[in-house]
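Here is a short briefing on one protein model.

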Amino acid sequence: MRKLTQKILLPALLVTSAGPLLAQYTFFTPKEAFAIEVSLPNSTEKRLPMYRNAITSLTVQGDRVLGGTTAKEGLSPYLFIASISGRNVVAVRDLQDIVPGQKGIATGFCKGSSNQLYAGTMPQAGKERQAGHLLQVGIGQGNAIEVKDLGAPVPGEGIFALLANRDGSELYGISYPSGRFFTYTIATQKVQVFDDLVPNEKALKNFHDFASGPEVYLCKALVQDNKGLVYGSAAGNRIFAFDPAKKRFTFLQTPLPAVWGREVLGQVESWAKSPDGKLYGGNAGDGQLFVLDPATQKIKNLGKPMMMGRLQALAFGRDGKLYGLAGGAPGYSHLFCYDENAGFVDLGNPEFKMVAPGIEQGILWRGFQLGTLAASADGKYMVMGEDEALSQLMIFPVGQ
């Protein structure tokens with residue numbers, strides 16, 4: 001109920017605050033935008049329970065949105081399906097029934113052959129460290145969520161990032177907490193593990209001076225260029241390129257953009273490939289957007305969409321603009337868009353109408369902690385997921 005209380009109290013607080021604060025606070029309210037109720041207590045509809053519904057993975061398959069969540073420690077996550085046209089959740093599945101001992105699905109979903117989707121899990125913490133598992137996920141008849149456990153690619157390690165190659169025959173991933181790179185051949189289930197990206201002791205000491213855990217320096221996202229090279233970040237503010245054919249790593253000479261003295265926090269958190277093949281990435285440490293030209297392997301810093309760290313998600317819309325989510329806890333995340341002509345536009349916090357059984361009149365739902373964003377295949381819709389204790393989907397059409 002904290003979220004509902006916040007929705008009521010915040011407008012009153014803004015009214016009583018100074019004028020400049022009100023002027024600076026912006027809500028994004030495009031026409032035809034709407035929110036889908038995914039989690040709410042005391043409902044007989046298909047809903048996710050509190051503290052198990054932080055939406056950390058999303059993909060759009062036609063009219064259907066497939067989501068994966070992360071739960072609080074000691075609880076298990078969910079998979080769910082929502083209908084864009086119906087504006088409701090149509091299926092939910094507890095991951096505990098398939099792969100026990102998992103905490104979250106935060107890799108996103110990557111597409112294999114035959115419309116199969118793949119994701120990786122992070123295990124629960126404990127005295128005996130469990131492993132994250134690869135999942136094959138499909139949407140069957142009647143919106144059935146079909147899940148196959150493909151096992152743990154790296155013993156004792158979670159799966160922090162995951163990518164499928166262009167023909168959907170092979171997966172590439174980053175393990176947690178060591179940061180090993182692995183490949184998984186889907187047809188043969190063969191796994192290869194590489195230690196080339198594992199930080200050395202000197203690097204680990206530098207990291208520990210700035211932060212407490214591997215989640216702030218391991219590569220969170222991978223991308224493949226049109227020639228087949230796989231890119232991601234490595235310790236020390238570096239970008240690597242992995243050649244799947246030669247099984248070889250190289251490191252780009254141009255580092256990630258960073259504020260002086262904070263290079264150790266360089267970490268790719270998101271990628272999006274433009275229609276012309278250029279790779280747009282977000283540096284989590286200082287929240288900077290950059291573009292990598294695979295032809296020259298040069299990086300250009302495009303700047304910061306807002307004055308906070310984190311750049312959690314990126315996706316291109318049918319209007320040719322790049323949309324993204326910047327910032328995050330302990331502050332608010334903001335939706336922004338970017339193109340070469342207009343530069344950055346901070347769209348602020350989305351505020352969309354949500355209609356559901358029991359709230360047929362509709363309420364305005366504000367997204368303050370948005371962590372995931374996915375575009376439909378035609379780029380018409382942008383779908384955003386909250387990552388709070390009480391998380392909903394927020395959807396808007398592009399190009400209005």
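C110 counts as buried in this predicted model, because its relative accessibility is 9% and the cut-off for buried is under 20%. C219 is buried as well, at 3% relative accessibility.

**Cysteines**

- A disulfide is a covalent bond that joins the sulfur atoms of two cysteines.
- C110 takes part in no disulfide, and its nearest cysteine sulfur belongs to C219, 14 Å away.
- C219 is likewise in no disulfide, with the sulfur of C110 as the nearest cysteine sulfur at 14 Å.
- A disulfide needs the two sulfur atoms within 2.5 Å, so the 14 Å between C110 and C219 rules that pair out.

**The four-stranded sheet**

- Four strands form an open sheet in the order β20-β21-β22-β23, and their pairing is antiparallel.
- The edges are β20 (268–273) and β23 (298–303).
- Each edge strand has a single partner, so one side of each lacks a neighbour in the sheet.
- From one strand to the next, the twist averages 25°.
- Backbone hydrogen bonds pair the strands of a sheet, in either a parallel or an antiparallel sense.

**The β22–β23 pair**

- β22 spans residues 288–293 and pairs with β23 in the antiparallel sense.
- The pairing of β22 and β23 runs over 5 bridges.
- Across from F290 stands N301, a residue of β23.

Terms used. Residues numbered from 1 in each chain as written. Predicted model: local features only at pLDDT ≥ 70, side-chain atom pairs only at ≥ 80, totals over all residues. Heavy atoms only, no water. Pairing = 2+ DSSP bridges. Helix = DSSP H or I, 4+ residues; strand = E, 2+ residues; numbered from the N terminus. Axes fitted to C-alpha atoms, helices over the stretch in contact; angles between N-to-C directions. Buried < 20%, exposed > 50% of the residue type's maximum accessible area, 1.4 Å probe, protein only.
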